[in-house]
Amino acid sequence: MDIDQELNVDELRGRCLEHSRRAYRLLPPLDQPRILDIGCGQGQQTMELARLCGGEVVGIDIDQAALSRLRQQIDQAGLGDRINAIHVSLFDNGFDDNSFDLLWEEGVLHLLDESRSLPECRRLLKPVEYLVMHESIVWFESIREKLPESDFEFVDQYMLPKHFWWTDYGAPLEERIRAFRETHGDVTDSPKLTEHENVIATIKNDPDRTDCGFYLVRKSA
Ligand SMILES: C[S@@+](CC[C@H](N)C(=O)[O-])C[C@H]1O[C@@H](n2cnc3c(N)ncnc32)[C@H](O)[C@@H]1O
C-alpha cells in the first residue's frame, strides 16, 4: 500500500506552490534561465519552476526513490526536454563554476552545514544572480549574518501566512492519518506513518518555529 497516495500527501504539499510562484515573481525577469533546484525531492516545486521559467530546471537529490517519482511526473507532463532529475549531493555534484542563473531550495539548506552549503551555492551560481531559500524564519535568522562571508547579500523576502505549515499541512495530515487508522486498524503501522507523525508533532508543538518565508539573496559581482 502506498501510504502517501492513500493520504494524498501530494495535494497537501501542492498547497504551497502558490507561495513558490509568488516568491518567483519577486525576482527580476529571467529569460529562459537554467535553474538548479537543490534537494528537489519528489519535485512539485521543480515542475512548477519549469512551468514558470520557460527554461531548463535541474533537480538534484540524494533520495533515489523521490527522484524516481519525480521522473514519472516529468514523463507524464511531457517536460523531459526541460527538467533533468539527477542523483547527486549538493556537495558532490560535478557542475562547473557559474553553471546556473538561479538556485532554488525548499526545506533543504537547514539540513546541511551552512559553512559548506553556502560557498557551494556561491560557486554554482553566476555573479549577481539569486539564491532563493524557502526556510523557517528561525533558521534564516540564524544564518543571515553569515551571508556576506559567502558573498551573498539579502535582497527581499516573501513570508508565508502565519502557521501555514500547521493549518495547511500538519492539521489536515493529522486528520487524514486519524481517519486512515480508523479504517485500516493494525495494518497501519508503517515507518512512513511514523515519519509523518513525527513531522506533525514537531509543527504542532511549536508552530511559530515552523513559520517560513522565501528569502532572496544575491551573489555579489
Ligand atoms: C524536506 S525535503 C524537501 C524536498 C523538496 N525540496 C520539497 O520541498 O518538497 C529535503 C530534501 O533534501 C534532500 N537532501 C538532503 N541532503 C541533501 C544533499 N546533500 N544534496 C541534495 N539533496 C539533499 C533530501 O533527500 C530531501 O529530499
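This passage walks through the overall build of a predicted model and then looks at a few of its strands. Local features are considered where pLDDT is at least 70 and side-chain atom pairs only at pLDDT 80 or more, while totals for chains, interfaces and linings use all residues. Residues are numbered from 1 along each chain as its sequence is written.

The chain has 9 helices and 7 strands (DSSP runs numbered from the N terminus: helices are H or I with at least four residues, strands are E with at least two). With a radius of gyration of 18 Å, close to the 17 Å that the globule rule gives for 221 residues, the chain is as compact as a globular protein of that length; the radius is taken over C-alpha atoms, and the rule is 2.2 Å times the number of residues to the power 0.38.

Now for strand β2 (residues 56–61): 5 of its 6 residues are buried, so the strand is largely enclosed by the rest of the structure. Here, buried means 20 or more other C-beta atoms within 10 Å of the residue's own, exposed means 12 or fewer, and partly exposed is in between, with C-beta atoms placed from the backbone. On one hand, β2 runs parallel to β1 (residues 34–38), joined by 5 bridges, with D37 opposite G59. On the other, 5 bridges link β2 to β3 (residues 83–87), again in parallel. Strands count as paired when DSSP finds at least two bridges between them.

Over in strand β5 (residues 125–136) sits E129. E129 is partly exposed, with 18 other C-beta atoms within 10 Å.
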